[in-house]
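The sequence and structure are shown first.

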Amino acid sequence: MRYVNILGTDLNPSIICFGTASLGSSTNESDSFALLDEFVYLGGNFIDTAHVYANWLPIEKSISEKTIGKWLKQRGIRNKIILSTKGAHPELSTMYIPRLSHDEIVKDLDESLQYLQSDYIDLYWLHRDDINRPVGDILETLNEQVNLGKIRYFGCSNWSPSRIKQALEYASKHGLKSFVANQMMWSFAIPNKEAIKDKTMVLMDENGFELHSNTKLAAIPYSSQAKGFFSKAYTYGLENITGELRDIYLNEENKERFERLKKLSKKLSKSVGQLSLAYLTSQKEFITIPIIGSHTKDQLADSMAASDLILNQEEIDFLKGERKF
């Protein structure tokens with residue numbers, strides 16, 4: 001298992017992050033504990049959740065955070081886990097109304113600390129942005145929470161490159177801590193943007209890639225496996241991909257990428273899922289830690305096996321269609 005230094009020498013996250021949106025909901029508590037145990041057994045130490053996870057279901061609020069909190073308390077390994085969660089998400093019924101005031105950020109953070117049964121969050125994310133609120137106000141609030149010991153580092157999710165740049169420049173000018181990482185939608189698969197229902201989600205694009213390359217800001221993408229698009233295509237065939245997965249990811253570019261994945265898979269004796277993740281973790285310009293979404297131990301083992309797989313530039317270029325073997 002590889003580890004990378006993005007949070008300081010005392011906090012080195014594993015190059016694979018375990019996403020927990022389903023824990024405590026579609027994955028019951030017992031199975032959730034088993035997956036978390038397996039993740040740690042396989043060398044992982046970086047767990048990502050959110051205050052809003054599973055709140056779209058008619059079940060207990062913030063069940064993912066609460067499940068992780070119970071697991072951490074029972075296992076007694078809080079000091080061995082790099083714990084990240086996200087807050088300041090709009091209410092699901094009013095996604096068009098941002099929630100990034102000082103009081104809203106603090107309210108979500110305090111509730112997350114309670115649910116996670118922890119005195120601090122290693123990496124706290126702002127789940128969405130409010131483009132009408134000055135970045136200085138937001139950074140001042142986050143720095144206040146750092147000074148209070150509630151969070152150690154912080155990042156942003158679904159922020160535009162221009163807003164991230166503003167935040168980095170403001171922090172530098174005013175001697176404040178700033179974002180250490182960014183969460184965006186990014187995978188080896190190219191999505192059909194028009195099929196993505198949530199228009200507040202920010203996708204990695206040329207401007208985002210340039211920002212990360214220039215600033216060396218770490219990228220920690222969600223949907224890093226494109227909901228298993230290539231793995232399912234390999235198992236069941238592209239023609240059998242249905243529903244939302246088909247709407248978002250089935251296109252000519254991904255058909256071509258799938259063919260190149262299969263060729264490299266045969267050459268390297270690695271699964272297409274592992275290669276899809278390695279495409280991200282092997283980026284040379286900046287550190288990239290994909291967030292995986294495993295529902296079974298077999299899926300988890302396959303994803304974790306990608307942590308030590310490093311593609312060279314020729315292999316990356318081949319996958320993108322920029323080089324032939």
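The model is a predicted one. Its largest nonpolar core comprises 94 residues, among which Leu126, Leu142, Trp159, Phe179, Ile220 and Phe229 touch the most other members. Helix α10, spanning residues 272-281, makes the greatest contribution to this core, with six residues. For Phe229, contacts beyond four places in sequence are made with Leu238, Ile241, Leu245, Tyr249, Leu250 and Asn254.

Strand β4 covers residues 121-126 and contains Tyr124; Asp122 is also located in strand β4. The relative accessibility of each is tabulated below.

| Residue | Relative accessibility |
|---|---|
| Tyr124 | 1% |
| Asp122 | 1% |

Tyr124 is classed as buried because its relative accessibility of 1% falls under the 20% limit. The C-alpha atom of Tyr124 lies 5.6 Å from that of Ser84, although the two residues are 40 positions apart along the chain.

A polar atom of the Asp122 side chain is positioned 2.9 Å from the backbone nitrogen of Leu83. With residues up to four places away in sequence excluded, Asp122 touches Leu11, Arg78, Ile81, Ile82, Leu83, Arg152 and Tyr153.

Methods
Residues are numbered from 1 along each chain as its sequence is written. This is a predicted model: local features need pLDDT of at least 70, side-chain atom pairs count only at pLDDT 80 or more; totals for chains, interfaces and linings use all residues. Side-chain values use heavy atoms; hydrogens and water are left out. A nonpolar core is a set of buried Ala, Val, Leu, Ile, Met, Phe, Trp, Tyr and Cys residues joined through side-chain atoms within 4.5 Å. Buried means under 20% relative accessible area, exposed over 50%, partly exposed in between (1.4 Å probe, protein chains only). Helices (H or I, at least four residues) and strands (E, at least two) are DSSP runs, numbered from the N terminus. Contact means heavy atoms within 4.5 Å. A polar contact is a pair of N or O atoms within 3.5 Å; within protein, one must be able to donate a hydrogen and the other to accept it, and residues adjacent in sequence count only if both atoms are side-chain atoms.
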